[in-house]
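Let's take a friendly walk through a protein model, one contact at a time. Keep the picture open as you read.

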Amino acid sequence: MNNFEGKYIIFFDGVCNLCNASVNFIIKHDKKKQFLFASLQSDAAKEYLLQYNSKKNIIDSIVLIEEGIIYTKSTAVLKIAKYLNNGLALLYLLIIIPKYFRDSIYNFIAKNRYRWFGKKDKCMIPSYELKNRFLN
């Protein structure tokens with residue numbers, strides 16, 4: 001697989017409107033262009049995630065690969081925030097809240113995301129300007 005040195009990879013639910021809005025938010029606040037993206041439904045995600053012998057259920061969660069370590073759910077969200085600008089990095093301080101509690105909130109939102117925010121029939125297709133930020 002490719003070496004994405006200095007980059008962090010985010011895998012997300014490509015048909016989820018909330019997830020797509022979150023990716024757009026990250027792109028807007030990632031001035032250093034540190035993140036690369038792929039939908040969890042993509043071949044790139046499946047191929048890349050096969051490298052990890054993780055027993056975690058990553059199909060229904062945002063996934064962050066940071067320096068070869070896989071993070072999911074609320075921990076992934078907070079670690080992503082740590083790299084964003086405009087004071088958003090301060091959200092990382094919420095990492096002190098116990099993971100069980102954070103993930104309970106994450107799971108509640110994830111369980112209801114399609115009902116509350118809707119979903120697309122197909123995965124998001126990045127614009128020409130953003131295509132180099134998405135893995136094929």
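What follows looks at strands, aromatic rings, salt bridges and a surface patch.

## Before we start

This is a predicted model, so to speak of local features we need pLDDT of at least 70, while side-chain atom pairs count only at pLDDT 80 or more and totals for chains, interfaces and linings use all residues. Residues are numbered from 1 along each chain as its sequence is written, and side-chain values use heavy atoms, with hydrogens and water left out.

## A strand covered on both sides

Start with strand β3, residues 63-66. (Strands are DSSP runs of E with at least two residues, helices are runs of H or I with at least four, and both are numbered from the N terminus.) In a regular strand, side chains alternate between the two faces of the sheet. In β3, V63 and I65 are on one side, L64 and E66 are on the other, and all of them are buried. Buried means under 20% relative accessible area, exposed means over 50%, and partly exposed is in between, using a 1.4 Å probe and protein chains only.

Who are the neighbours of β3? Strand β1 (residues 8-12) pairs with β3 in the antiparallel sense over three bridges, and I9 stands opposite I65. (Two strands pair if DSSP finds at least two bridges between them.) Strand β4 (residues 69-72) also runs antiparallel to β3, joined by four bridges, with T72 as the bridge partner of V63. β3 and β4 make a hairpin with two residues between them, and E67 in that turn has a positive phi of about 50°.

## Rings that meet

How many aromatic pairs does the structure hold? There are seven aromatic pairs. One of them is F11 with Y48: the ring centres are 5.9 Å apart and the planes are at 40°, so the pair is tilted. (Rings of Phe, Tyr and Trp, taking the six-membered ring of Trp, pair if their centres lie within 6.5 Å; planes under 30 degrees apart are stacked, over 60 edge-to-face, the rest tilted.) F11 lies in strand β1 and Y48 in helix α2 (residues 43-49), so this pair ties together parts that are 37 residues apart in sequence. F11 counts as buried at 0% relative accessibility, and Y48 is buried at 10%.

F35 and Y83 form an edge-to-face pair, 6.1 Å centre to centre with 75° between the planes. Both are buried, and together with Y8 they form one aromatic cluster.

## Opposite charges

Now for the salt bridges, where a side-chain nitrogen of Lys or Arg is within 4 Å of a carboxyl oxygen of Asp or Glu. The count comes to five. In one of them, D13 meets R113, with the closest N and O atoms 2.8 Å apart. D13 is in the loop between β1 and α1 (17-29) and R113 is in helix α4, 100 residues apart. Both D13 and R113 are buried.

E66 sits in strand β3 and K79 in helix α3, 13 residues apart. Salt bridges with shared partners join E66, K79 and K82 into one network.

## Out on the surface

F101, I105, F108, I109, W116 and F117 form a nonpolar surface patch, with about 610 Å² of accessible area together. (Patch residues have over 30% relative accessible area and no salt bridge; like charges are joined within 9 Å, and nonpolar side chains, meaning Val, Leu, Ile, Met, Phe, Trp and Tyr, within 5 Å. Areas come from the Shrake-Rupley method with a 1.4 Å probe, and for residues only the protein chains shown count as cover.) F108 is found in helix α4.
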